[in-house]
Amino acid sequence: MALDFGTPEWARALADAVNASSEYRNAGATWGVGFNGNLLFAFEAGGALPKSLYLLLRLEGGRSRGAEFVPGPSHPDAGFALRASFPLWREILGGKTLAATAILTGRMKVEGNMVALLKHAGAHRSLIHCVSALDTRFPGS
Amino acid sequence: MDRLYQLLQNRIEGAVATPDELHPALRTNFGNLFHGTPRLVVSPASARDVAQTVAFAREHGLSVSTRGAGHSQSRLAISEGGILLSMTSMRRVLATDRAAPTVDVEAGVVWRDLVRHLAPSELVPPVLTNNLSVTVGGTLAIAGIGVASFKYGTQGDNVRELDVVTGTGETVTCDRKRNADLFWGSLAGLGQAGIITRARLDLRKTKPMTRTYYLLYRDLPSFLEDAKLAMDSGRFDFIESWGSPCPQGLKPVAGRRQPFARWFYPVHLTVEFDHGHPPDDAKLLRGLKPFERLYTDDAPTIDFLERMTPVFDLWKRGGTWRHVHAWIETVLPWERAADVVEAVLPDLPPSILVGGHVLLWPAKGSTSQSRLFMRPPGEHLLGFGVLPAIPARFWETARPMLENLGHLTEALGGKRYLSGYIDWSEDRWRAHFGDQWEPFVALKRRYDPDSILNPGFVPFPAATD
């Protein structure tokens, strides 16, 4: 059953999906090991999203330690932040744009150690796949 | 018949051809990505022909694109509607000075022919590219790197003197002192300021035999450690290394299973020696810690220099030589090299290397004085080349991955080697050349004020009076 994007249920389902993914378990095995790998996804208002949403995804060693929508554009537990407009996120989650391309061409803003992020491009691609594979009702869909 | 054909033919000794006489291969280059149909193709007989052709092009508002062996992969060595100057007709080895030692050659000389010409004298250019089928003028215009570059820099670093026909049709002799801006602007200058017609190349004495140690490394850190030792020790004449995939099966990548590999790192360390005086293996390999020492090969030096020819012949016979080549070659800062290589190789399908390979070439920054061969700061550098041969029907699938690879290497401080797949906006060109961008633009305006030479590759900004 499709879950509404932006709800606590959707965030929990995402953490479960990450933990069920053998692809992420392998690709993300070294992500968050020895450094803070928690990601803050900033879905900035635009298109069908009237108000920005911020998802904190806790990640360490190929596992998710939980996911939650947080109120503000930053969070003390986040090691990295990825900021993009909601329409761009939809392109990425729809497979039309690679997240790496969005980052490397500056369309997606990154806060945190860019080198660490780029080194683990495979982990993040796998993570994006977990998000896009989740049965989701997005705003406007 | 094109009315310009006879007019130009009357002015030059070499041959002029029209598109209907054009060999199809001349419509593209090794990349097989960009295509163009020139209005006229000129095979010059001399530097005078080149100068006359450039003057003619200016008079008639045509561009001039130079082509050697056409090994570039982007918008070089092809022409759309202009004059394609096919330099392979200028292929004379002019004079060898054994005392200097130097050799004067026309720009269309193929490196293999030069190597064979010099072999009886036991002389050799200090740096040779892996592919010897390319021309002197072609590689000098890009930079020219090879397995001895860690000692001698680029091929351009081993040039004494050049004759260059500028975009105004003037023939200029230049070296490190005379017309030095044109000299340095022609080496790795992408043919933007002038067309090299003659080069005086440094040579070095060689020994008749080589011994190559085939070493294998199973991880990048140990490979890098030994590559640095091999370079710094001064024991070896040539260093060649790769990433080599051992396929492991299929793994999901963004939900779709694709082949993946465990990567190993073969390193070939080569020394020259005289007959009857083989090198001391233990002394040469002291301190190196390969995973395995696989093989030790003795071969005549000429065979070593041509070692890649059978590989390329195999690729030609297999048909992959005609595939799309979108090579991403980057010179990386040593301290970032492992990050980049380890980010890229795990997800690189080994199948992409059918008819291609992943090159790693350790290098030293201080060996090159070239102004336009851009490389990161620092003494130790690692060249990283992903050199695939892609069937044309798969190009659009492979393209995002390769473009990301280019962006990634640049984001992590790498500088691209410009014979590969480059399709940049002005911003990326500016970033590539850094503080050399403005001098490069000034050079273009001075020597090619009408922007007729090799258009379509570097997007020079329009001059503002």
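The lining of the second largest cavity draws most on β17(B), which gives 3 residues. This is a predicted model, in which local features need pLDDT of at least 70 and side-chain atom pairs count only at pLDDT 80 or more, while totals for chains, interfaces and linings use all residues. Residues are numbered from 1 along each chain as its sequence is written, chains are lettered from A and ligands numbered from 1 in the order in which they are written, and side-chain values use heavy atoms, with hydrogens and water left out. Helices (H or I, at least four residues) and strands (E, at least two) are DSSP runs, numbered from the N terminus.

**Cavities**

- The structure holds 6 cavities of 30 Å³ or more; on a 1 Å grid over the protein atoms alone, a cavity is a set of points where a 1.4 Å probe fits but cannot get out, a pocket is an open set with protein on both sides within 12 Å along at least five of seven lines, and lining residues have an atom within 4 Å of a point.
- The largest cavity has a volume of about 830 Å³, a volume being the space filled by probe spheres set on grid points that are joined across faces, edges and corners.
- Its lining counts 47 residues, and nearest the centre lie His71(B), Thr139(B), Ile142(B), Tyr417(B) and Ser419(B).
- α4(B) contributes the most to the lining of the largest cavity, with 5 residues.
- That lining of the largest cavity divides into 23 nonpolar, 21 polar and 3 charged residues (Ala, Val, Leu, Ile, Met, Phe, Trp, Tyr, Cys and Pro count as nonpolar, Asp, Glu, Lys and Arg as charged, and the others, Gly among them, as polar).
- The second largest cavity has a volume of about 110 Å³; 14 residues line it, with Ala363(B), Lys364(B), Thr367(B), Phe373(B) and Leu381(B) closest to its centre.
- The lining of the second largest cavity has 6 nonpolar, 6 polar and 2 charged residues.

**A pocket lined by both chains**

- The second largest pocket has a volume of about 920 Å³; of its 31 lining residues, Asn26(A), Ala27(A), Lys251(B), Glu342(B) and Pro346(B) are the closest to the centre.
- Elements of both chains each supply at least two residues of this lining: α2, α5 and α6 of chain A, and β13, β14 and α11 of chain B.
- β14(B) provides the largest share of the lining of the second largest pocket, 6 residues.
- By class, the lining of the second largest pocket has 15 nonpolar, 5 polar and 11 charged residues.

**Helix packing**

- The axes of α13(B) and α14(B) come within 8 Å and cross at roughly 110°; axes are lines fitted to C-alpha atoms, for helices over the stretch in contact, and angles run from 0 to 180 degrees between N-to-C directions.
- α13(B) and α14(B) are therefore roughly perpendicular to each other (65 to 115 degrees; under 35 is roughly parallel, over 145 roughly antiparallel and the rest oblique).
- Glu426(B), Trp429(B), Arg430(B) and Phe433(B) in α13(B) meet Trp437(B), Glu438(B) and Phe440(B) in α14(B), where contact means heavy atoms within 4.5 Å.

**A sheet in chain B**

- An open sheet of 4 strands has the order β1-β2-β4-β3 in chain B, with mixed pairing; two strands pair if DSSP finds at least two bridges between them.
- β2(B) and β4(B) pair in the parallel sense over 3 bridges, and Val42(B) stands opposite Leu85(B) in β4(B).

**Backbone points to check**

- The peptide bond from Ala100(B) to Pro101(B) is cis, with omega near -20°, and Pro101(B) lies in the loop between β5 and β6 of chain B.
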